[in-house]
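I wrote down what I looked up, in order.

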Amino acid sequence: MQLEQLTYTEEQIKQAIEETWRELLQEVDAEYYSLEEYLEHYRKYWDDPDFPNDIPEIIMRAVEKIVGRPLSWYCELVRDPAGFTGEYSFVVVDPKTQKCLTYREYTSDGVNVHRFINVAGTVVYYEDIVRLVTRLLNQIQSALTTE
Amino acid sequence: MDREKVLQALREAQAEYDIKDLDRLVREAWEEGDVLYAEIVVELIERAVEILFNQHFLWVHIVESEDCEEWIPDGWYSFVAVHPETGQCLTFFNDPVYRRRSASFRARIRSADDAVDAVMRLAELIEQNLKSRAVE
């Protein structure tokens with residue numbers, strides 16, 4: 001089986017995020033002109049049911065641009081009793097193999113194995129988007145390069 | 001998937017959680033918008049599926065709501081199941097509506113009958129995915 005090797009730099013990730021944002025602006029009747037402007041509104045209104053929350057779409061389209069193909073993904077907007085926490089939890093699946101690319105396991109004591117199927121992170125600022133895309137790509141790279 | 005087996009699995013799951021009246025639990029989760037009850041509904045569905053396959057899976061789920069601010073459950077739920085040994089997504093399917101490959105199973109659960117139906121369809125989807133892996 002051919003294992004995929006991804007290569008990406010922070011600059012490429014930022015470029016992918018910018019490209020994604022421009023695509024989204026073309027697709028919807030957007031009121032915002034820059035991603036920074038959108039994020040300003042996002043910080044004020046993220047709990048407003050009418051506010052279009054495009055963060056998961058921005059993150060995953062940027063990830064797909066770097067990976068070079070569409071992925072199946074699922075995102076939970078994490079909530080607590082006070083409402084949306086700002087945290088996003090992603091499960092990403094390779095549509096070619098059905099392998100969960102965000103699946104990972106580790107053991108802290110050599111006996112008990114802890115397994116996770118999601119990668120989560122809080123998004124407030126632009127840097128958080130870059131960080132979460134990077135984390136997802138690192139995890140996907142690890143999954144794609146191991147059988 | 002045999003409906004009688006599904007009912008039995010749900011009864012066993014109910015017994016584990018000490019739930020006497022499934023219909024009431026499901027309805028109160030939706031009609032009263034009770035998040036805690038809705039989370040128990042999810043746990044029951046997932047556990048019933050595990051009983052049917054006699055094995056544990058890794059789960060992620062969403063209790064959906066119409067209102068993001070108030071988080072009042074609207075009776076819709078979505079689930080992702082992953083095999084703990086292989087990492088295979090077991091809720092994967094080709095979604096004909098959105099014409100894409102989806103990683104999650106979604107169901108409207110507003111009564112005990114809906115819960116039975118959800119367990120049955122979820123178990124069938126997992127069975128299909130397990131078989132497709134076995135063929136490979």
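Entry 1. Before starting, I noted the rule for burial: a residue is buried if 20 or more other C-beta atoms lie within 10 Å of its own, exposed if 12 or fewer, and partly exposed in between. I also noted that this is a predicted model.

Entry 2. I looked up B:Q14, which sits in helix α1 (residues 3–17) of chain B. B:Q14 has 18 C-beta neighbours inside 10 Å, so it counts as partly exposed. Leaving out residues up to four places away in sequence, I found that B:Q14 touches B:I19, B:L22 and B:L44. I then checked B:Q14 against B:P73: they are 59 residues apart in sequence and 21 Å apart in space, C-alpha to C-alpha.

Entry 3. I turned to a sheet in chain B. It is an open sheet of 3 strands in the order β1-β2-β5, with antiparallel pairing. β1 (58–65) and β5 (105–108) of chain B are at the edges; each has a single partner strand, so one side of each has no neighbour in the sheet. On average, neighbouring strands of this sheet are turned by 20 degrees against each other, direction ignored.

Entry 4. I followed one pairing. Strand β2 (residues 73–82) of chain B pairs with β5(B) in the antiparallel sense over 4 bridges. B:W76 has B:R108, in β5(B), as its bridge partner.

Entry 5. Which helix lies across β1 and β2 of chain B? I found helix α3 (residues 35–53) of chain B there, running at about 145 degrees to β1(B).

Entry 6. Last, I looked at the two chains together. In chain A, 21 residues are in contact with 19 residues of chain B. The elements giving two or more residues to this side of chain A are β1 (72–80) and β2 (83–93) of chain A. By type, the residues on this side of chain A are 10 nonpolar, 5 polar and 6 charged.

Conventions:
Residues are numbered from 1 along each chain as its sequence is written. Chains are lettered from A and ligands numbered from 1 in the order in which they are written. This is a predicted model: local features need pLDDT of at least 70, side-chain atom pairs count only at pLDDT 80 or more; totals for chains, interfaces and linings use all residues. Two residues are in contact if their C-beta atoms, placed from the backbone, lie within 7 Å. Ala, Val, Leu, Ile, Met, Phe, Trp, Tyr, Cys and Pro count as nonpolar, Asp, Glu, Lys and Arg as charged, and the others, Gly among them, as polar. Two strands pair if DSSP finds at least two bridges between them. Axes are lines fitted to C-alpha atoms, for helices over the stretch in contact, and angles run from 0 to 180 degrees between N-to-C directions.
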